[in-house]
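Look at the structure first, then read the points below.

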Amino acid sequence: MSTRPIAPSEITPRALFDERREFLRVAAGLSLGAVLPPAAAVEKLAPARKSPYSVGESPTPFKDISGYGNYYEFSSDKTGHIGPAQAMKTRPWAVVVEGLVAKPKTFAIEDILRLAPLEERIYRHRCVEGWSMVVPWVGYPLAALLRQVEPLGSAKYVEFVSHADPAVMPNIGRRLLDWPYLEGLRLDEAMHPLTLLVVGLYGEVLPNQNGAPLRLAIPWKYGFKGGKAIVRIRFVERQSETAWMKAAPNEYGFYANVNPTVDHPRWSQARERRIGEFRKRETLMFNGYADQVAHLYAGMDLRKFF
Amino acid sequence: MIPAAFQLSARQIAAVKTLLFLACLIPLARLGYGAWNDALGANPLEAVIRNLGDWALNFLLVTLTVTPLRKASGLAWLARLRRMLGLFCFFYACLHVSSYLWLDQFFDWTAIAKDILKRPFITAGFIAFCLLVPLAATSNNAMIRRLGGRRWQSLHRSVYAIAILGVLHYAWMVKLDVTLPLYYAAVAAGLLGLRVWWRVQEKRRQLAGAYLAKPKGRVSPIATRR
Ligand code: HEM
C-alpha cells in the first residue's frame, strides 16, 4: 500500500533501459569539454566501466532491489522504509574521514564521486535473515578513498557511522538500535579490492532506500555490515562494538562473514532464498568469494569469530 | 436490556454462521489473489508463510474473545460461532505449517527436525500446533458426547497454552522490533487474565457459600460458564 513514486527503471523494460544508458554514455562522450549544469551531477552518474569482480549471475530486477530490504532508521518492515526514505535530502552531503590518519579530511559528495573511476560490480548480496539478491552496484573500491587520508601504522580497524536524522528517520527516536548506526571492518578488510564504496545502482544514482548517497557493499559478509548513508569514517586501534553487536551480542558478531556452517542462533544459514526464485539455494562459503577472501581469516575459528 | 433485534432465531443464526464462514475465507482469498497477480512483493513465499501465521494467531485470539463477548452482551447465540472460529484457526495453522514444510523447507525432513529441536521459535510453534490437533479432532458433537462435558472442557483448556506459545513463537521469530508481537501479547494477556479473574470470582462465591445451584441435566460445554 505504498505511495512511493515509481522509478523510471521500474516501468522501463531492461533492454530499453540499457539502450538508454548506452545513449547517455555516447552523449556524454560527445559532450567532452562541455560544462554540465551542477544539477545534472546529482541526477546522473559518470558512466561506469565493467569489472572483472562481477559475478556471472543475472541481476535481481531493480524493482525488487529497490523495493525490499532493511533500513532500520526508517522502519523495521522490509518495505516500510521506502516511503519515508524519499524525504531524506542527500545534498549537500559531506563525509568526515578521521582518526588515526596523517591527513584527516572532510570530503564533499561531489569530490567523492570524482575521486576514482566508477565501476559496475555485480555482486551477490546475502542478508543475515536468509534471503539474497544479485545487485549491480556502481562505485569504486573503498581503498581509493581511505588512501587519501594516509592511515597511520597504529590504525587497525575502520568504523563507519551512518546518518541519523530524527526529522526524517522515524525510528531514530526509538531505542531499537544504538543510533547512529555503527559498523566496522578490520583494516585489511576495508582495504580489500572487493570492498566497494557504492554510489549507484543499475547505472543510476543510488535510490535513497538503498543507502544514498553512499554506502558500503562487502559482498562476502552479511548485508548489515554495509552501512548506509555514511557520514563519518574513523580509523581506530581497537575493534568497535557495532550497532547489531550491542543489540544482540550472541546473534551478531563483528565479522559476520557469510558462512553456511555457522547458524544464526534462531535460524539456519545453510540455505538462502534468492529473491525471484522458488527453491532455496545452498549458501556458499564467504558468499562464493572464498578464493578472494578466505586467506584473510586463515587460522581463525570462524565459530568463535562469527 | 438487550434489544430484541439481537436475539436471533435459529434461521437467523444459521445465516450469521454462513456469512461468518465466508468472511473467514477472505484472508485466504486475498492471499490467493495476491499470489495470482504477483502482488505479494519481492519475497512472495515469505509473505505467504507469514500471512498464514498471522491469521492462525488472529483466529485463535478471536476465538478466545467469544466467551467474554457473550458474557458481556448476554447473547447466548454468540457461543455457537466459537467452534467455527476455532476450526478456522486450525485451518490457517495447517496452511501455515504446510507452507513452511513446502515453501520454506521443501520437505527436507532432517532440516525440519533440526529446526524444531534447535530453534526456540519453531519449537514453540510446533508445540502449539501439536496441541491444536486434538482440539480440532474433538470439536464435533459426537466427540463432546464421548468425552463428556467435563473432560472435554479440561482438554480444551490447552487453548490457553496454545495462545501463549503462539505469541512466543511470533516474538522469538522477530529480529529486533517486537512491537507487533507485544500487541498480540497484550491482547492474549487480557483474554487469559479475564479467565483467571472469573475463576477467582467463582472461588470466592463458592467460599462465601453463595454457590449457584448446578444446572440439571446434560449441559452442552459450549454453553457452560468458562
Ligand atoms: C509446526 C508448527 C509451526 C511452524 C514450523 C511454524 C513456522 C513459522 C515460520 C518459519 C515463521 C516465520 C517465517 C519467516 O521467518 O519469514 C512463522 C511465523 C509465524 N507463525 Fe508459525 N509455525 C508453526 C506454528 C504456528 C502456529 C500454531 C501459529 C499460530 C497459532 C503460528 C503463528 C505464526 C505467526 C503469527 C508468525 C509471524 C508472522 C509474521 O511475521 O507476521 N505458527 N512460523
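The ligand is surrounded by 19 residues, counting a residue as near if one of its heavy atoms lies within 4 Å. The closest are B:Arg50, B:Asp54, B:His96, B:His169 and B:Met173. This is a predicted model: local features need pLDDT of at least 70, side-chain atom pairs count only at pLDDT 80 or more, and totals for chains, interfaces and linings use all residues. Residues are numbered from 1 along each chain as its sequence is written, chains are lettered from A and ligands numbered from 1 in the order written, and side-chain values use heavy atoms, without hydrogens and water.

**Ligand contacts (N or O pairs within 3.5 Å)**
- B:Asp54 places a polar side-chain atom 2.7 Å from an oxygen atom of the ligand.
- The side chain of B:His96 has an N or O atom 2.7 Å from a ligand nitrogen.
- For B:His169, the side-chain N or O atom is 2.8 Å from a nitrogen atom of the ligand.

**Shell make-up**
- In chain B, H3 (44–73), H4 (82–104), H6 (120–137) and H9 (158–173) each supply at least two shell residues; helices are DSSP runs (H or I, at least four residues), numbered from the N terminus.
- H3(B) gives the largest share, seven residues.
- The shell has 12 nonpolar, four polar and three charged residues.

**Cysteines**
- There are zero disulfides over all chains, a disulfide being two cysteine sulfur atoms within 2.5 Å.
- The sulfur of B:Cys24 is too far for a bond, because the closest cysteine sulfur, in B:Cys89, is 11 Å away.

Key: A polar contact is a pair of N or O atoms within 3.5 Å; within protein, one must be able to donate a hydrogen and the other to accept it, and residues adjacent in sequence count only if both atoms are side-chain atoms. Ala, Val, Leu, Ile, Met, Phe, Trp, Tyr, Cys and Pro count as nonpolar, Asp, Glu, Lys and Arg as charged, and the others, Gly among them, as polar.
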